[in-house]
Amino acid sequence: MKIVIFVSIVSLLFTASQVNAAPTALTMSYCGFGAFYCGDSYNDDVYSRSNSVLLSYALIAGNGAIIIDADNYPKNLVTTWRNTGKRVLLSIGGPSADWTHVYES
Amino acid sequence: MANLILDLRRQLNAIGRKYLVVTSDCIAVYQGVAVPDADKGGQPFNYLVPVITLADSAIDYYQVKAYSNWYDGYDHTSLLYLQDVYLNWRNLQGYCPDCKPIAGFRGVAQNKLMMGVVGSADARKPIEYAGPGIIKSFKTWLYSKGYDMVGFNVWNSHWDYLNGNQISSTIVN
């Protein structure tokens, strides 16, 4: 049995929706970076009215280090999203992450 | 894991205000099975219950997958499925007929809960795509019950875009 956890470190997140109002806060997962990471998105395909963007994803190395695909980091998009009021989050893990490496490092 | 989260919180606090979000896959909260020991684990369902109990103060938000885990046999594209996911994570009475809320567990607070949905039938599997109509009905159900949560996550922007932003636009409207 494999346990997969994503832990995202967020610079800031949305405000909670009002009590008893239909929840409308929206985080879009941006499946970017290179083919060895997530690799669906290469352009700005994030819905304009979303509150936050979840960059998916950074990987976990065997020594517990967090690996970000720097060559394919969407720096310009992140700047654009932040300039339009979106919060940008980083998802750590991915579909085959082994958090044991993190626990032991 | 609880110790890792608590330690991570301490580390993050040292570099400025950061938010920490936990996303679950396969380790869903479910009232129909026992809660494992925090130091032993050993089963996927309810693995997070002791973690939430021990480390909730360090966690800002929970992003719950509402499309892949089994919940009382409901079709993953049904309104009942989304409702059951919500009720179990909040630890309100879920739809398992012979189950009770987990004793000693307060559930995830509504101001920390987000539910993840898929952006199109092609994003993962068609049987996991609830579609805009069900999501709209789910929001209406929350409102009618006086329930709340923070909002939704969509997996992912690429497939939502190709699907004409049907899911994202339903969520924000």
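1. Let's start with a pair in chain B: B:D60 and B:R9 form a salt bridge, and their closest N and O atoms sit 2.5 Å apart. The two partners come from distant parts of the chain, 51 residues apart. B:R9 belongs to helix α1 of chain B, while B:D60 lies in the loop between α2 (48-55) and β2 (61-65). Keep in mind throughout that this is a predicted model.

2. Are these two partners buried or exposed? B:D60 has a relative accessible area of 13%, so it counts as buried, the cut-off being under 20%. B:R9 is buried too, at 9% relative accessibility. If you wonder what brings such residues together, side chains of opposite charge can pair when their charged atoms come close.

3. Now have a look at the helix that holds B:R9. Helix α1 of chain B runs over residues 2-14, which makes 13 residues. At 1.5 Å a residue the helix should span 18 Å, and its end C-alpha atoms are 19 Å apart, so the two values agree.

4. Which residues of α1(B) are buried? They are B:A2, B:I5, B:R9 and B:L12. These four cover an arc of only 85 degrees around the axis, so they lie on the same side of α1(B). Just after the helix comes B:G16, with a positive phi of about 120 degrees.

5. How many salt bridges are there over all chains? The count comes to 4. Another one of them is in chain B, where the side chains of B:D56 and B:K112 meet at 3.3 Å, N to O. With a relative accessible area of 23%, B:D56 is partly exposed, whereas B:K112 counts as buried at 15%.

6. Next comes the salt bridge of B:E128 with B:R124, whose closest N and O atoms are 2.5 Å apart. The surroundings of the two side chains are worth a look.

7. On to the cysteines. A search of the whole structure turns up 2 disulfides over all chains. In chain A, the sulfur atoms of A:C31 and A:C38 are 1.9 Å apart, so they count as a disulfide, for which the cut-off is within 2.5 Å. The link between A:C31 and A:C38 is left-handed, with -105 degrees about the S-S bond. A:C31 is buried at a relative accessible area of 2%, and A:C38 is buried as well, at 16%.

8. Finally, where is the disulfide in chain B? It joins B:C96 to B:C99, with 1.9 Å from S to S. The link of B:C96 and B:C99 is right-handed, with 45 degrees about the S-S bond. Both of these cysteines are buried.

Conventions
Residues numbered from 1 in each chain as written. Chains lettered and ligands numbered in written order. Predicted model: local features only at pLDDT ≥ 70, side-chain atom pairs only at ≥ 80, totals over all residues. Heavy atoms only, no water. Buried < 20%, exposed > 50% of the residue type's maximum accessible area, 1.4 Å probe, protein only. Helix = DSSP H or I, 4+ residues; strand = E, 2+ residues; numbered from the N terminus. Expected span 1.5 Å × (residues − 1). Arc of directions from axis to C-beta.
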